[in-house]
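This report describes a protein model through its overall fold, its aromatic contacts and its surface.

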Amino acid sequence: MNRELPRVIIAILLSLFVFNIVPVLAIFFPDSVAYYTLLLDTWIIVPIFVFALGAITSSIFGVCTYQPVLIGLCYIPTMMFFYDSSLIPFIIVYVILNFLGNIFGTTFYRKRVFEEL
């Protein structure tokens, strides 16, 4: 766990940044992104980020079994501060997408490790 701690901290901080950037921009610039905040954030940016984070980290470091749950837990503060509890099903979707990204990235990690042998 100690060697994975920096990776976990980076994943948490990066996730919190990506989850909160669009709602914070909507607060500072209400006329420009207010109508697209929910659609842009929950349906486009966050799912792509969650899948890519799982794929990239697992292709570099190998499979991380607790990362999908960690990503789902990181979305809860964003959901409570900026949206409402109707987005709870998105937490499950993000956990599944991160898990699929982990599976996708693990195949590249195994190919790389197999080629090094």
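The sections below proceed from the basis of the model to the fold, the aromatic pairs and the surface patch.

## Basis of the model

The model is predicted: local features need pLDDT of at least 70, side-chain atom pairs count only at pLDDT 80 or more, and totals for chains, interfaces and linings use all residues. Residues are numbered from 1 along each chain as its sequence is written, and side-chain values use heavy atoms, with hydrogens and water left out.

## Overall fold

The protein contains five helices and zero strands, where helices (H or I, at least four residues) and strands (E, at least two) are DSSP runs numbered from the N terminus. The order of elements from the N terminus is α-α-α-α-α. Its C-alpha trace spans about 55 × 25 × 25 Å along the principal axes.

Of the 117 residues in the protein, 36% are buried; buried means under 20% relative accessible area, exposed over 50%, and partly exposed in between (1.4 Å probe, protein chains only). Among contacts with a separation of 6 or more, 77% are between residues 24 or more positions apart, a contact being heavy atoms within 4.5 Å.

## Helix 5

Helix 5 covers residues 88–116. Its 29 residues should span 42 Å at 1.5 Å a residue, and the end C-alpha atoms are 42 Å apart, which agrees; the expected span is 1.5 Å times one less than the number of residues.

The buried residues of helix 5 are F90, I91, Y94, N98, G101, N102, G105 and T106. They pack against helix 3 and helix 4. In general, an α-helix has 3.6 residues a turn, so residues three or four places apart point the same way.

## Aromatic pairs

Eight aromatic pairs are found in a search of the whole structure. Rings of Phe, Tyr and Trp (its six-membered ring) pair if their centres lie within 6.5 Å; planes under 30 degrees apart count as stacked, over 60 as edge-to-face and the rest as tilted. One of the pairs is W43 with F90, edge-to-face at 5.3 Å centre to centre and 85° between the planes. W43 lies in helix 3 (residues 37–61) and F90 in helix 5, so this pair ties together parts that are 47 residues apart in sequence. W43 counts as exposed because its relative accessibility is 57%, whereas F90 is buried because its relative accessible area is 16%.

Y75 and Y94 form another edge-to-face pair, at 5.0 Å centre to centre and 85° between the planes. This pair links distant parts of the chain, with Y75 in helix 4 (residues 67–82) and Y94 in helix 5, 19 residues apart. Y75 is buried at 0% relative accessibility, and Y94 is buried at 1%. F19, W43, F49, Y75, F90 and Y94 form one aromatic cluster.

## Exposed surface

The protein exposes about 7500 Å², of which carbon and sulfur atoms supply 77%; accessible areas come from the Shrake-Rupley method with a 1.4 Å probe, and for residues only the protein chains shown count as cover. A nonpolar surface patch of about 750 Å² is made by F51, I92, I96, F99, L100, I103, F104 and F108. Patches are made of residues with over 30% relative accessible area and no salt bridge, like charges being joined within 9 Å and nonpolar side chains (Val, Leu, Ile, Met, Phe, Trp, Tyr) within 5 Å. A salt bridge is a side-chain nitrogen of Lys or Arg within 4 Å of a carboxyl oxygen of Asp or Glu.

Helix 5 gives the most to the nonpolar patch, with seven residues. I96 is found in helix 5 and is partly exposed at 47% relative accessibility. F108 also has its place in helix 5 and is partly exposed, with a relative accessible area of 42%. F108 and F28 are 80 residues apart in sequence and 40 Å apart in space, C-alpha to C-alpha.
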